[in-house]
Amino acid sequence: MRTDRLDRITDSGVIAILRGVGVEEAPAVADAVTDGGVTALEVTADTPDVTAAIEAVAERVDDAAVGVGTVLDAETARAAQLAGAEFVVTPTVNREVIRTANRYGTPIAAGAYTPTEAIEAFEAGADFVKVFPAKTGGPAHVAALGGPLSQVPLVPTGGVTADDAGAYVEAGAAAVGVGGAIVDHDAIEAGAYNRIAADARAVVEAVSAARE
């Protein structure tokens, strides 16, 4: 099961981040994102009624992994796991969160920016290192991290778009985390879910092209 979840995270190479998407809108957003080819969806823990949102998304999608992001403590991680979260994402290196994910067989991406933080996260048990914020250093920073740390799967997140997703993959990223460039709140408010699907597809295609 753990391997299957890891595979779904890396299949499309894109984790779509649903930040602040309410329970009512979450299923439609999930439909749009998966229609665009994304195989991993992250519902952030700062979303109101996050456990209900995770449950709603998990019930809606069949072929994508549904996880929780912006996790700052072990209690939140466990509550999300019980709600159906299949992976966990943190913005920092938090050993208690990593331990909780490992204890229950849940893949985890721990946030880091420096080589020291990245290897600390990986040695603590993280499956991926979320390079955050990615926009600050761009693809060059990911490539610089990956040089001496080629054994660490990197997932740059924070400001990634369809325009530079391919560059991150070419720099060595295993996947990219994408928020506003896919899950646009103006589009949600307008009911323009076809636009969300198109934006998701653009990022997926950029990653696919860079992998060839």
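Thr70 sits in the loop between strand 3 (65-69) and helix 4 (74-83). In this predicted model, phi of Thr70 is near 55 degrees, a positive value in a residue other than glycine.

Asp49 is another residue other than glycine with a positive phi, near 55 degrees. Asp49 belongs to the loop between strand 2 (40-44) and helix 3. A cis peptide bond runs from Phe132 to Pro133, with omega near -5 degrees. The loop that holds Pro133 lies between strand 6 (128-131) and helix 7 (134-146).

## Packing of helix 2 and helix 3

Helix 2 covers residues 26-35 and helix 3 covers residues 50-60. Their axes are 9 Å apart and the angle between the two is about 45 degrees. Angles under 35 degrees count as roughly parallel, and those from 65 to 115 as roughly perpendicular; helix 2 and helix 3 are therefore oblique to each other. The crossing of the two helices is right-handed.

On the helix 2 side, the contact is made by Ala26, Pro27, Ala30 and Asp31, and on the helix 3 side by Ala56, Val57 and Arg60. By class, the contact of helix 2 with helix 3 has five nonpolar residues, two charged residues and no polar ones.

## Largest cavity

Two cavities of 30 Å³ or more are present in the structure. The largest cavity holds about 50 Å³ of space. Its lining is formed by Ile15, Ile17, Glu42, Val89, Ala109, Lys130, Val155, Thr157 and Gly177. Five residues of this lining are nonpolar, two are polar and two are charged.

## Second largest cavity

About 40 Å³ of space lies in the second largest cavity. The residues lining this cavity are Ile9, Ile15, Phe87, Val88, Val89, Pro107, Ile108, Ala109, Phe128 and Val155. Strand 4 (88-89) and strand 5 (108-112) are the elements that give two or more residues to the lining.

The lining of the second largest cavity consists of ten nonpolar residues, with no polar and no charged residues.

Notes. Residues numbered from 1 in each chain as written. Predicted model: local features only at pLDDT ≥ 70, side-chain atom pairs only at ≥ 80, totals over all residues. Heavy atoms only, no water. 1 Å grid on protein atoms, 1.4 Å probe; cavity = no way out; pocket = protein on both sides within 12 Å on 5 of 7 lines; lining within 4 Å. Points joined across faces, edges and corners; volume = space filled by probe spheres on them. Nonpolar A, V, L, I, M, F, W, Y, C, P; charged D, E, K, R; others polar. Helix = DSSP H or I, 4+ residues; strand = E, 2+ residues; numbered from the N terminus. Axes fitted to C-alpha atoms, helices over the stretch in contact; angles between N-to-C directions. Parallel < 35°, antiparallel > 145°, perpendicular 65-115°, else oblique. Left-handed = near helix turned anticlockwise from the far one by under 90°. Contact = heavy atoms within 4.5 Å.
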